[in-house]
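Please look through the model below before reading on.

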Amino acid sequence: MTSPVIPTIRPARPEDVSAVVAMVHELAEYERAPEQCHLTTGQLTSALFATAPALFGHVAVDEHDEPVGFALWFLNFSTWAGVHGIYLEDLFVRPAARGTGAGRLLLATLTDICVRRGYQRLDWSMIDWNPAAGFYAAIGAEQMSEWVAYRLSGDALRALADHATTADTRTAD
């Protein structure tokens, strides 16, 4: 029996975008929320390859340079530590490529960026029933159970925005 080919990790390129968008939709399906995923190739291309992008991406590619996994991330900032960190928005490896080390290599790439740039942490969230919890624990990740996530979206987001009163708030983009 041959061992699986170890993927290569590299920054996402414009030609990878359609595969990454497809995998984002696969992730939404896996997380039982496909109706909530509306990402398009145009949106991701604009986000990743803008003049000053705020979103970054890496792909795990097979021996044919075809993406089999991805990590999409952006910078955050710790006011307590006084330095940036990375927030991992999504990490996904296609089922056929699981067990090849792709997920570990994607995370290792992001931790290398953190170390080289002087960032002190890599943060992410995951759905509570995801079996990847065991993998994350095995690599030394700590569950931050004392922190509770909150979100404003949709009507609640718009309703609160209606209360913004300063000119700076209304024009700062």
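What covers the buried residues of helix 1? The cover includes helix 2 (41-48), strand 2, strand 3 and strand 4, where buried means under 20% relative accessible area, exposed over 50% and partly exposed in between, with a 1.4 Å probe and protein chains only. This is a predicted model, in which local features need pLDDT of at least 70 and side-chain atom pairs count only at pLDDT 80 or more, while totals for chains, interfaces and linings use all residues. Residues are numbered from 1 along each chain as its sequence is written, and side-chain values use heavy atoms, with hydrogens and water left out.

Among the buried residues of helix 1 are Val17, Val20, Val24 and Leu27; helices (H or I, at least four residues) and strands (E, at least two) are DSSP runs numbered from the N terminus. Helix 1 spans residues 17-30, and its 14 residues reach 20 Å from the first C-alpha to the last, close to the 20 Å expected at 1.5 Å a residue, the expected span being 1.5 Å times one less than the number of residues. Just after helix 1, Arg32 takes a positive phi of about 60 degrees.

The sheet is open and holds five strands in the order 1-2-3-4-5, with mixed pairing, where two strands pair if DSSP finds at least two bridges between them. Strand 1 (8-11) and strand 5 (122-124) are the edge strands, each pairing on one side only. Neighbouring strands of this sheet are turned by 30 degrees against each other on average, direction ignored, with axes taken as lines fitted to C-alpha atoms, for helices over the stretch in contact, and angles running from 0 to 180 degrees between N-to-C directions.

Strand 3 (residues 67-78) has nine of its twelve residues buried, so it is largely enclosed by the rest of the structure. With strand 2 (residues 56-61) it pairs in the antiparallel sense over six bridges, and Gly57 stands opposite Leu72 in strand 3. Strand 3 is also joined by ten bridges to strand 4 (residues 83-93), again antiparallel, with Leu75 opposite Ile86 in strand 4. Strand 3 and strand 4 form a hairpin with four residues between them, and Gly82 in the turn has a positive phi of about 75 degrees.

Strand 4 and strand 5, by contrast, run parallel and are joined by three bridges. Finally, helix 3 (residues 102-117) lies across strand 1, strand 2, strand 3, strand 4 and strand 5, running at about 170 degrees to strand 4, where contact means heavy atoms within 4.5 Å.
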